[in-house]
Every structure is written in C-alpha cells, then in structure tokens.
Amino acid sequence: MRLDKYLSNATDYSRSQVKKLVREGRVTVNGEPASDAARATSAADSVALDEVLIAPPGKRYIMFNKPAGVVSATKDSEHPTAIDYLDEPRAEQLQIAGRLDIDATGLLLITDDGQWNHRVTSPPSSKDGAGCTKIYRVELAEPLQPALVDKFAAGIWLEGEKRRTLPADLRILDEHTARLGIREGKYHQVKRMFAALGNYVEALHRESIGAIVLDEYLAPGEYRALTRDEVASI
Ligand code: URA
C-alpha cells in the first residue's frame, strides 16, 4: 500500500495532509525520513509520525469495561457513550458488538469489523449465527428459588415474543445473586426473563461473551485491544 494511504488509514489525517507531513519531514519509515508519499509500505515496516510509532491500519477489536451510566452507542446527546471513552483514531468507524443497558456494567466489545460484529450478535438460529454464550452476574430484589434453574433451562416466555427463549444456564450463587448464561440477545433479555418469573434485576454485570472474558485488570471505564486468540475465538 502507498505510504500516504497507509498513514491515512491508520490515523485521522487525510491523504493530502499525510503528503504535507511527508514533505515537512515528519514521517519516518524504518527510522529513515520518508521523502516519497507514494512509496510501498506494509505492516512489516515501522512507520512513525513525529517520532511516534503508528500501529498499522487494520480492523480493530476492543474490550471495554463499561461503567454504569454509559450508553452503548456511538452518539448520545445526554449521556457519555462507550466510544467517548476511547482514545482512538477514526473512532466514528467503531461500532458496539452487543449492547448493554445504561445501568448494566462489564464486558462490551467494540469493533470496526462488521462481519465479526455480526457473528458476536447474531442468534444461533441465523445462517451464520455463532450464538456466543453471554454470561451475566445478576443481583435480584427477591430471593432466588432453586426451582428457577429448571425454568431457565426449559426456556421462558417473554411478553410479546412468539416462542420461548433458548435454554439458559442459571447458577444460583446466593439468595440474591446468580450467574446466567444465554445465547441470544433480545432487547433487555435478562431483565425480562427474571421479570417474567416475578423477580426484579437490581444489578447486571456481563462477565464474558463466548471465550472472551472481561479482563480483571481493566477498571470500569478502561479498555484494551483483544488478543489474536480472542478475536479468532468468535
Ligand atoms: N439483558 C438485559 O436485560 N440488559 C442488558 O444490558 C443485557 C442483557
């Protein structure tokens, strides 16, 4: 790829701005000042702008520890969005792969790879639906009865839906706390499942999506790139 294309794909600079940066001597390739914006460049080259190394352009895959009060959206006029937390070039190209409610916390995946996003979010019944299991830690207002485990396993009728939810895996951790694994992502699904059984979700935290587990070193509001293995696991 031409150097100007490579740098404009990897940063917020346009191609004409990159050409100017090259003319000004601010770009180096493998430690040497670049003089030709058209020179061939690949991910094997070390490209730097003002002596700061620029990561090669490519699809981006991010895990974010969503705090409560943050919207899973790219834009919102009232509340901070997950994208507002990211110090990333071309942030407008990033999309949320599987939303969380504003009051829910935990693992949020963000990417600019539309196909990967689709695999994260599509239900197992769709043509290429991976149906990744999402695991939530749920705190409930009313005590949890052991009989609920079988009810979740059998699937639950949600108001306004034509069929039961897919079998869900409920583990009761204590009287008011459970861990729930579901393979779909219907609107407010976890809250509606418990509401259908007369309970009320007081706190909801997503721990994992498929094999991708929220990194314990990420404080709420922090993020990191996914590893290659994590990306490939979806
Ligand atoms: N289910 C919900 O009810 N809310 C979420 O944010 C995620 C799953």
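Is Y85 buried, partly exposed or exposed? Y85 counts as partly exposed, at 33% relative accessibility (buried is under 20% relative accessible area, exposed over 50%, partly exposed in between, with a 1.4 Å probe and protein chains only).

The model is predicted: local features need pLDDT of at least 70, side-chain atom pairs count only at pLDDT 80 or more, and totals for chains, interfaces and linings use all residues. Residues are numbered from 1 along each chain as its sequence is written, and side-chain values use heavy atoms, leaving out hydrogens and water.

**Aromatic pairs**

- There are three aromatic pairs (ring centres of Phe, Tyr or the six-membered ring of Trp within 6.5 Å; planes under 30 degrees apart are stacked, over 60 edge-to-face, the rest tilted).
- One of them joins F64 and Y85 in a tilted arrangement, with 5.3 Å centre to centre and 50° between the planes.
- F64 belongs to strand β5 and Y85 to the loop between β5 and β6, so this pair ties together parts 21 residues apart in sequence (strands are DSSP runs of E, at least two residues, numbered from the N terminus).
- F64 is buried, at 0% relative accessibility.

- E88 is found in the loop between β5 (61-66) and β6 (95-97).
- E88 is partly exposed, with a relative accessible area of 24%.
- Beyond residues up to four places away in sequence, E88 touches R60, I62, L94 and Y223 (contact means heavy atoms within 4.5 Å).
- From E88 to P167 the C-alpha to C-alpha distance is 38 Å, and the two are 79 residues apart in sequence.

Definitions and conventions
Helix = DSSP H or I, 4+ residues; strand = E, 2+ residues; numbered from the N terminus.
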